[in-house]
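Work through the following exercises with the sequence and the model side by side. Try each task before you read its solution.

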Amino acid sequence: MTTRMLLLLLMLVGGAGFAQQDNTAQQESIDARINGAVEPAAKVISGLVFTPIGCYGESNPETREQAANDPYADRCAQQGKNPIPFIVVWLIFAAALFTLFFRFINIRGVRHAMELVRGKFYDPSAPGEVTHFQALSTALSGTVGLGNIAGVAVAVSIGGPGATFWMVLAGFLGMSSKFVECTLGVKYRNINADGTVSGGPMYYLSKGLAERGPGLAMLGKVLAVMFAILCIGGSIGGGNIFQANQSFTQLVNITGGDSSWLADKGWLYGMVVAFLVGLVIIGGIKGIARVTSKIVPFMGIIYVIAGLVIIMVNYSAIPSAFGSIISGAFSPEGVTGGFVGVLIQGFRRAAFSNEAGVGSAAIAHSAVKTREPITEGLVALYEPFVDTVVVCTITALVIIITGSYDSSGTIGGVELTSAAFGSSISWFPWVLTLAVLLFAFSTLISWSYYGLKAWTYLFGESRLMDLMYKSIFLIFIIIGSTMQLGAVVDFSDAMILAMAFPNIVGLYFLLPVVQRELNSYWKRYKSGQLVQAKDIA
């Protein structure tokens, strides 16, 4: 029944989209109206999230001209300077603090984390729904996406090769943030009567802070509701509209651009993707985990191998590339804002890419089968490592080695990365397109789960609420494929990053809880008291 209802909704929306293709002017008018209606609110919220705590360098003439005509422009833009966004400092400071507080758990916990991923201590009778590997794959599918391809290109083209160094450092620090939030996600999760799991920041903010005393109970509830609202908005925008729109754009570009047969058939692409996503998400986290545990390794291998081939084809440029990364990190030349400019670009890209501190991944990790919360915190260490240290670095190296970052600025984002791949082997943009489509698809199904859990936290666990959210999510895939709603996407991206405000506030209060869990577990691990999978009957 649920499947038939979802497919019927898709057919109705798809039919409406098809009918709109015959009236381009009307479609553009609808786009403009929606964009105009949302833009004021989007500007205000984006302004709050990206509030600058300082300014550096001189912005380019185009940015200064836009700021002069934009009543919502921040003070740095109005002064003709570049902003240092508070959200970036908020995320990086927390990551650095967690790294020091837990004595570099992002180094000493990596070896045991691999043992957990491989199932050495896996207990199939433990409460939960998925294995450590499946939980990690689901979380990775939500973070490893178009940001790794498009966003890195922007960071390197603006900040130069040195941005790569700071990007990797931020990813390394972000491993500690993931450790904290994913440990708490399992610690305070709800195991429902049917065996399904509901977890994430909504639960550890409300339940965890309530344990700290009645004075923090109300704060915890407020932070939990705030997080859930932001998560729903982010799942529809950055986790849905942006993914559908940008993957369709790349597909059109590779098949002929404006002359492509697909150029005016975003509705058709949206229907196909929505149908495929619907088939997966109807099965819940188990269905999502089964798919992501296969797609994530496959798409990761494809992208990394493609990147390594490009790097090896240009092997003679490898020493100079690493030299420019190191020198550019501390003594950048020709980069707006100098040292501060390149540092901000690197940190900003890493923060936006791996979402460490945002709290979204804790929703997926909380579904793991385990009796030890700390185990999933350790497994989560690999998420920023793969996302930022590996995938983002491969992208950056391809762009640097091929010299694409010296572009005049006529192309950017995924198109710049595509040009870098195609500069060595002409047909490699097709490989990149496959990676883009897989990245987008996996991000869609993971964020559908994040949004669903936030939705049911606010409106209750029921089949009706489940169906309602999934229907809305699938409909927006079609809308995202056919519309260019810049303000809506800006608004939604801001909501994703804004999730870090309530989340990190709660993490600070709950650090002693994680510390106790870690001390207890680590002592038993070192003394050999943990039961291994081979010893479980």
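In which strand is Ile53 found? Ile53 belongs to strand E1 (residues 52–56), where helices (H or I, at least four residues) and strands (E, at least two) are DSSP runs numbered from the N terminus. Before going on, note that this is a predicted model, in which local features need pLDDT of at least 70 and side-chain atom pairs count only at pLDDT 80 or more, while totals for chains, interfaces and linings use all residues. Residues are numbered from 1 along each chain as its sequence is written, and side-chain values use heavy atoms, with hydrogens and water left out.

**Exercise 1. Classify Ile53 by its accessibility, and then find the surface patch to which Ile53 contributes.**

Step 1. Recall the classes: buried means under 20% relative accessible area, exposed means over 50%, and partly exposed lies in between (1.4 Å probe, protein chains only). Because its relative accessibility is 46%, Ile53 counts as partly exposed.

Step 2. Patches are made of residues with over 30% relative accessible area and no salt bridge, with like charges joined within 9 Å and nonpolar side chains (Val, Leu, Ile, Met, Phe, Trp, Tyr) within 5 Å. Ile53, Val89, Phe93 and Leu97 make a nonpolar surface patch of about 340 Å², an area of the kind computed by the Shrake-Rupley method with a 1.4 Å probe, only the protein chains shown counting as cover for residues.

Step 3. Helix H5 (residues 86–101) supplies the largest share of this nonpolar patch, namely 3 residues.

**Exercise 2. Describe the aromatic pair of Phe86 and Phe501, and say which helices the pair ties together.**

Step 1. Rings of Phe, Tyr and Trp (its six-membered ring) pair if their centres lie within 6.5 Å; planes under 30 degrees apart count as stacked, over 60 as edge-to-face, and the rest as tilted. This rule gives a count of 20 aromatic pairs.

Step 2. The rings of Phe86 and Phe501 are 5.9 Å apart from centre to centre, with 5° between their planes, and they form a stacked pair.

Step 3. Since Phe86 lies in helix H5 and Phe501 in helix H24 (residues 500–526), the pair ties together parts that are 415 residues apart in sequence.

Step 4. Phe86 is partly exposed, with a relative accessible area of 29%, and one aromatic cluster is formed by Phe86, Trp90, Phe98, Phe501 and Tyr508.

Key:
A salt bridge is a side-chain nitrogen of Lys or Arg within 4 Å of a carboxyl oxygen of Asp or Glu.
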